[in-house]
Amino acid sequence: MRQEIIDRLNTICGNKNVFYKSEDVERYLYDETEEQVRPEACADCVVVRPTRYEHVSEIMKIANELRFPVIPRGGGTGACGAVIPTMPSVIVSMESFNKIIEVDRTGMMVTAQTGVTLYDLNEYLDKNVHELYFPCHPGDEGAQLGGLAVENAGGVRAVKHGIMRNYVKGLKVCLPSGKIVQLGGKIIKNNMGYDLMHLLVGSEGTLCIILEVTFKLYPRLENTGAMVVSFPSAREAVNCVAATQISGIIPLAVEYMDREIAVKTAISINGIWPLHDEGVVDIIYMLEAKTEDELYETAEQIDNISSKNGALHCVIAENKKDQKNILDVRSAMYEIFKPVFVDSLDTAVPVCHVNDLLEDIDRIAAKYGTTSPRVGHVADGNFHNFILRDSEGNVPIWADDMRREIYEAALRYGGTVTAEHGTGKTRKAYMNLQYSEEVLALMKGIKKVFDPNGILNPGVILD
């Protein structure tokens, strides 16, 4: 990295907030992207930790002047390589912006700085604003709020409350030019001009650096529960989930797990999976209600619907310990299986085509002499299925062919290559499968308008 750049950053943020020694930079080079698919990081980087919004603005101004790439970094919990530098870059860590600015109880909104973690927000609301909560939970509570917005995070609770785009009401951002602007706010309706705020949601750090977020909160329902229902096949499990929703029941979350994955994960974390008998697919329902009676009534309705739709067994977790056990297994699955897979895909299709996609995945896997274990947010059509390593622990030569065929299958049904992980650097090679040249040209034009010098997170989403 050029000494001139380091000197200018020292002038803006102070020597104690600028890091260029390899041992200091190393932990900022990668995110949670699978090792077998992530790009190799360029270590010739500088990390800067601004402590004032004006610092971010000045960094962007000198980046335009000196033409160096800037990579905004949150908690590093992403799974598409969006914050992995592949060329000498200045990594702007937002960790110092960690204040919760305001909770508006009347409007049920919270405004916080970008570096506040999901864990810290939940802790604050639990202790100080108990009647409200933030339902979105993409899986890792170390994620920072600005990162959640800029990645348009999803997670298990999207079926009831939507993805991050549904929560974001306002953003304060620094544009690539260094200008700081406010988009949206605590207002519920706003039809003035183009909706630039929602353009920035999901832009993966290519169009702006988020400084503050305003999120929608929801009333906290004190009574929560979990239940697991087993099925003899994926088709019956998926059809039962649809029947449950058609009946008017919208659970907090509905999760699909192959039985093999559930049992192996439970054993690995010294937990207990409540179902071990017949059945190949388990559906987890997470419920919330105003009263205990309402909670049990909903669980009974789901049990009855399940019985009529091919269910084999139903287990209701009646206490917090049993609920936690079920949710711990679901949460631990990814880390337990990470050593045995090459890639965890993130496709989604319209819910009416979920069975079609799952059958295609099985057919494609069989073609390559393998299997593709899966879990999924079944009620919103989003599945994570694995491309496994070979018997010697290596990446199979056919791995990308299999990946591409699964993407093409999802797209045939009006689906998407990535539903919640993002495009980043790992999925951008498949953009032309999903979008026409005309659409890609529009995206490139938008990037050019926001960032004419191409300094903000280059190589992410678009080349």
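**Note on the predicted model**

1. Start near the end of the chain. Ile 461 sits in the segment that follows H16. The model is a predicted one. Ile 461 has a positive phi of about 70°, although this residue is not a glycine. Is Ile 461 buried or exposed? Its relative accessibility is 15%, and buried means under 20%, so Ile 461 counts as buried.

2. Asn 457 belongs to the segment after helix H16 (437-450). Asn 457 is not a glycine, yet its phi is positive, at about 50°. The relative accessible area of Asn 457 is 2%, and the residue is buried.

3. Now take helix H3, residues 53-66. It has 14 residues. From its first C-alpha to its last it reaches 20 Å, close to the 20 Å expected at 1.5 Å a residue. How many of the residues of H3 are buried? The count is 10 of the 14, so H3 is largely enclosed by the rest of the structure. Among the buried residues are Tyr 53, His 55, Ile 59, Asn 64 and Leu 66. Just after H3 comes Arg 67, with a positive phi of about 60°.

4. Next, the sheet. Strands of a sheet pair through backbone hydrogen bonds, either parallel or antiparallel. Here an open sheet of 7 strands shows antiparallel pairing, in the order S15-S12-S14-S13-S17-S18-S16. Which strands are at the edges? They are strand S15 (313-317) and strand S16 (341-344), and each pairs on one side only. On average, neighbouring strands of this sheet are turned by 15° against each other, direction ignored.

5. Look at one pairing inside the sheet. Strand S13 (residues 253-258) and strand S14 (residues 281-289) pair in the antiparallel sense, over 6 bridges. Met 257 has Asp 282 in S14 as its bridge partner.

6. Two helices lie across strands of the sheet. Helix H9 (residues 234-246) lies across strand S12 (223-231), S13, S14 and S17. H9 runs at about 20° to S14. Helix H12 (residues 320-337) lies across S12, S13, S14, S15, S16, S17 and S18. H12 runs at about 60° to S12.

7. Turn to the aromatic rings. A pair of aromatic rings is described by the distance of the centres and the angle of the planes. With ring centres within 6.5 Å as the cut-off, the count comes to 10 aromatic pairs.

8. Tyr 368 and Trp 398 form a stacked aromatic pair. The distance is 5.4 Å centre to centre, with 25° between the planes. Where do the two residues lie? Tyr 368 is in the loop between helix H13 (354-367) and strand S17 (374-377). Trp 398 is in the loop between strand S18 (382-388) and helix H14 (399-412). The residues are 30 apart, and their pair links distant parts of the chain. Tyr 368 is buried, with a relative accessible area of 17%.

9. Two further ring features deserve a look. Ring pairs link Phe 134, Tyr 167, Phe 215 and Tyr 218 into a cluster. Elsewhere, the charged end of Arg 38 sits over the ring of Tyr 30, 3.8 Å from the ring's centre.

Notes: Residues are numbered from 1 along each chain as its sequence is written. This is a predicted model: local features need pLDDT of at least 70, side-chain atom pairs count only at pLDDT 80 or more; totals for chains, interfaces and linings use all residues. Side-chain values use heavy atoms; hydrogens and water are left out. Rings of Phe, Tyr and Trp (its six-membered ring) pair if their centres lie within 6.5 Å; planes under 30 degrees apart count as stacked, over 60 as edge-to-face and the rest as tilted. Helices (H or I, at least four residues) and strands (E, at least two) are DSSP runs, numbered from the N terminus. Buried means under 20% relative accessible area, exposed over 50%, partly exposed in between (1.4 Å probe, protein chains only). A charge sits over a ring if NZ of Lys or CZ of Arg is within 6 Å of the ring centre and within 35 degrees of the ring normal. Two strands pair if DSSP finds at least two bridges between them. Axes are lines fitted to C-alpha atoms, for helices over the stretch in contact, and angles run from 0 to 180 degrees between N-to-C directions. Contact means heavy atoms within 4.5 Å. The expected span of a helix is 1.5 Å times one less than its number of residues.
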